[in-house]
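Visitor: I'd like to go through this model with you. Can we start once it's on the screen?

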Amino acid sequence: MMADDNSEQTKTAGQMPAMKPVVDVAAETAKMETDKMWVIMGPQHPFSHGLWTLKIKVDGEIVTDAEPIVGYLHRGWEKEAENRPYPKIIPMADRLCYAASMTYTHLYCMTVEKALGIDPPDKAKYIMIIADEINRLQSHLMWLAAVGTDLGNFTVFLWAMREREYWMDMNVRLCGARMTTNYPRIGGVRNDTPELFDRDIIRCTEHFEKAVWDIIGLIDDSSIYVSRMKNTGILTPEQCANLGITGPALRGTGVDFDLRRDDPYSNYDQIDFDVPVLKQGDSYARYMVRVEEMLQSCKIIKQAMAKVRALGKNAPYRLKVPSNVPAGRHFAKLEDPRGESMMYLISDGTDKPYRLKVRSPIFVNVSASRELCMGCRIADVPAIMAMIDMCLGETDR
Amino acid sequence: MPMVYSSILDWVNFPDIMANPYYPFETYNLPYDISQKLWEIIGGTIAWLINLLFPGNPVSEWLVCDMTVNFFALIIFMIVVFLVVFIGILISLWEERKVLGRTMDRRGTMVGMKGFLQCVADGFKTFMKEDTQPRKVDRMTYMWTVSLVIGTSMLIACMIPLSDRWYVVNYNTGLLLIMGLFALAPFFILVSGWSQNNKYSLIGGMRAAEMMISYEIPMLILIATACLMAGTFNIGGIVQAQYDTMPYFIPQCIGFVTFFVCANAEAERTPFDLAEAESELVEGWQTEYAGMKWGLIMLADYMRGYVSCAMITILYLGGWNLPFIGDLNNYVPELVFLLKTWLVFFAMIIVRAALPRVRTDQILNLGWKVFMPLSIINLVIVLLLKMGGVF
Amino acid sequence: MDMSLYPHAVAMSVDEFMSWSTAMINDLMSSGTRRTVDKLTGPVWSWAMKNSMHPLHWGLACCALEMAAASAPRFDAERYGMIYRSSPRQTDILLVNGWISKKMRPGIRRLYEEIPNPKWVVAMGECAISGGPWYDSYNTVQGLDQIVPVDVYMPGCPVRPDAMIDGFMLLQKKIDDYFRRGCFLED
Amino acid sequence: MSPIREYDSSWEGDIENKLTEKFGDKIKFTGQEIRRVYAHVERDAIFDVCKFLNDELSFEHCANVIGVDMKDYMQVVYHIDSYTTYKGECVELTVDVPNDDPHVKSVSSIWGGANWNERETWELFGIVFDGHPRLERLLTPETYEFFPFRKSYKLRGWE
């Protein structure tokens, strides 16, 4: 039975990458007497970096149906935010997506700034660009580490974690905390860049630009890695847009869309960078997009640091803001490491939000896991879902 | 006429082991020699003590007669052979954890003696843990298959000769016997995976059987090729033939590489650890095993790794002989053999550190479309060499 | 043996007294043997257990990333023999590193039951200790100790990797105490 | 050449005109910014507006379906993005839903990405999306029988 499956698989895998390697399950079942079974992967499962469940229906080794189950980390974030004053939501926003905590805090602050009708100083905007990109690098390195373990290699995990520690150090230099930083403020940032921060971050960037090639070499030069990722989890751009998939997974299918460039926020329009886009739409394209994004982030950090330096030491970095927000409806969007995140705020003139909604990219991306996993093998499921880069804190909220 | 025994030296005298009429081997056997001498000391001391209390009793005489010495020497022989292999395996386990740690830029384990006692700690811990048995398992197969996996692995690990004087059996077809037992484990894994009433272990067991059909045939062809080159199935004969000509990894370089990969698969090490693929099947076929059973399964894994490396050493690296040193080979061939085995294991560790796991269809492709032609090319090369009279 | 029957020994019948005293002597002897065995073997088991802690490979929330960082090259928890195993059958420590939702609550209890004895539970981070920032949520359990008995609490939000290793060294002390008390033959 | 793409002001007002032309007084525009269109839509027209946006104006990405409890009535807010024709443009549609009849037509047949968002809005607010393929509890345990995000549900009982 296995040998038969194999020939079927190789036939389709040899074709053009635009085709999804779909196995004709119905015909195969008719040929031989096989039982399908549900395999429940999760919530405690090594592939589910977080707390979620993927129910897959397998026919031998081939996945014929998949159903994601989330909600194991739901704590009613939006409801709790309705009971907190505005400044107290900042540390909560840090804990939405803990792999890149500053992005959500930045998004929250942008939303409230918009509702207040203020524009934070330029210096704060550039510092936040640096912080965002540091967090993007951290998050992508965590993802790279997870790709290593998901494909069965522990070396990639440890090397990526080693590089991640340097970016953690940069976080510590900037604001004193490793992960949940509590750094952005409504109307600016908490503190100016510390002394010699520019020297450190340029050194860190330059080190990273060299060191990342160790890890990339380990993956790209190995044909097993590449063959595990190529031609799996293929989506077309139309499917991708319709299913609401955003971020690197969308850019891996050939849709040239990045909020940092196409809907610029926070002085990203003053910075010159490329948006990597690949057309294949498989796991390998998503991997390549993310790796290229890491290098682009280094480029952005260097430019933003130069702008901060040009603004001088005495430039303001924070505005005083009132505690009450005038009534109204506002939303802001931000390019998360994982996709498009959005916050929608309804304020009623008091010091607490009336409704604060978080749009999490992973929440929508994971709902497409049925389309991603259909027709692949059990061994491909972790490889495909690793490219979604799960972060359950924001998914379940 | 009973002898008069006055001192312990009368009881403990080391006779020539070959002179014993019940000597079970045909040639000189070092571990048997050691164990017989050990029993001379132990049994002779006991006999002397008993003789002190009850002079002229028959038990003392019995304890040092040829047949009894043979019997107890065989028991000690088993222990000696097992202990040496066991310590060798513990060292390879330690080697794996340290080398793996170093390739990953960390120190590896540091528990006692630079981490050597880590495996001892793991062993004691698993011994102490509660032995759970899930409610709905098929009890008989659950217990027996795992015992068989461990038992066969231990058997073949002990059956590998360390030199022409350190062996358990000296069959003319010893190699075939070892390979036959080595290939049994996937069947037990299949049944064990089914018996656990767990879907992960079921898939893991199926994968083990599926994988076996892909690497087993090229591997057997390669073994047959090496035997053809040496002209014998006897392990000692193969090693001697390599000493007389050259180590076989030079003429059979294709076969050497292919066999190395197949041996990796046979020992179920990364990149071929499909049966216990951690990222998708939680722990694969071992998911439901706890405590001592699981500890022994891990030990059996390393035993199979050791056997794989030993097969490579025997078939391609010239076994326990080193070239160009002539008669110096007679001193510690066992140590040379173990060092070569650890060297091969080092290569396996590097492979493990560098590669991810392959997929089921990939290993089938690899087995039938790459290894199979390569092994046949290797066979053709050897045939040409044979016909040309080089060997 | 029931020592509380001691005052009534005078009023017992012969048969009752015989059975009672036999039970008492047997019990004393067996517990003495047990104590001796425990005293002799305890250090070995405790050393083995301390140096081969296998926590469950299970990341819930923020602290899971720091858990991963703790086994990374800079902090390197494997020096202490800590390896994360994925199957609860092969682990000793249930490491809960995040908030516990109502949906996960039965799952945690089940994981705890699946770990074979002797086992330990570690609550890592504020959320697992007391609910943390989600103290007024409708869907979280306020602390792990409402579900399973907890041995070590590691404060921090999130716990730094070095603090986590420090917590595991505390747990090593606790393991020492456990085996000094002598629990081997009870199992 | 700089890869930064400037905002194209030529399509400003374009979307509003097309929508007004098609739907008349069923759609009211409440505000406008760069790259943003805010509109208020009648409940019975929302599905047609969404279909029109997707098919004719190539708004192929439904970012968000938000439920809001306004105490007297409920609201559903849609955020719809475009990747191709109006790149970077975002349309916000607001629909009022009465408390006693919380039904809206589901748009998950137009955008697959709206599926889970609608499911979440249903379980947290109790707004029923007609024609949704699977309206089941997603985030909260299946035993829950209340809608926790409604304002009538107090997080702290004493308030």
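Visitor: What share of chain B is buried?
Guide: This is a predicted model. In it, 51% of the 391 residues in chain B are buried.

Visitor: How many helices and strands does chain B have?
Guide: Chain B has 14 helices and zero strands.

Visitor: What box do the C-alpha atoms of chain B fill?
Guide: Roughly 75 × 65 × 40 Å, taken along the principal axes.

Visitor: And of the contacts in chain B between residues at least 6 apart in sequence, what share joins residues at least 24 apart?
Guide: That share is 76%.

Visitor: On to the core. Which residues touch the most other members of the largest nonpolar core?
Guide: Val156(A), Met343(A), Val381(A), Leu315(B) and Met124(C) do, in a core of 329 residues. As background, nonpolar side chains in soluble globular proteins tend to be buried together.

Visitor: Take Met343(A). What is it in contact with, leaving aside neighbours within four places in sequence?
Guide: The contacts of Met343(A) include Leu107(A), Tyr108(A) and Thr111(A).

Visitor: Different topic. How many residues do chain C and chain A put into their contact?
Guide: Chain C gives 31 residues and chain A gives 28 residues.

Visitor: Which helices of chain C each supply at least two residues to that side?
Guide: Helix 2 (62-70) and helix 3 (105-114) of chain C. Helix 2 of chain C gives the most to the side that touches chain A, with five residues.

Visitor: How does that side of chain C split by class?
Guide: The side of chain C that touches chain A has 17 nonpolar, nine polar and five charged residues.

Visitor: Now the sheet in chain C. What is the strand order, and is the pairing parallel or antiparallel?
Guide: The order is 1-3-5, in an open sheet of three strands with parallel pairing.

Visitor: Which are the edge strands?
Guide: Strand 1 (93-96) and strand 5 (152-154) of chain C, each of which pairs on one side only. On average, neighbouring strands of this sheet are turned by 15° against each other, direction ignored.

Visitor: Over how many bridges do strand 3 and strand 5 of chain C pair?
Guide: Strand 3 (residues 120-124) of chain C pairs with strand 5 of chain C over three bridges, in the parallel sense.

Visitor: And which residue in strand 5 of chain C is the bridge partner of Ala123(C)?
Guide: Tyr153(C) is the bridge partner of Ala123(C) there.

Methods
Residues are numbered from 1 along each chain as its sequence is written. Chains are lettered from A and ligands numbered from 1 in the order in which they are written. This is a predicted model: local features need pLDDT of at least 70, side-chain atom pairs count only at pLDDT 80 or more; totals for chains, interfaces and linings use all residues. Two residues are in contact if their C-beta atoms, placed from the backbone, lie within 7 Å. Helices (H or I, at least four residues) and strands (E, at least two) are DSSP runs, numbered from the N terminus. Ala, Val, Leu, Ile, Met, Phe, Trp, Tyr, Cys and Pro count as nonpolar, Asp, Glu, Lys and Arg as charged, and the others, Gly among them, as polar. A nonpolar core is a set of buried Ala, Val, Leu, Ile, Met, Phe, Trp, Tyr and Cys residues joined through C-beta atoms within 7 Å. A residue is buried if 20 or more other C-beta atoms lie within 10 Å of its own, exposed if 12 or fewer, and partly exposed in between; C-beta atoms are placed from the backbone. Two strands pair if DSSP finds at least two bridges between them. Axes are lines fitted to C-alpha atoms, for helices over the stretch in contact, and angles run from 0 to 180 degrees between N-to-C directions.
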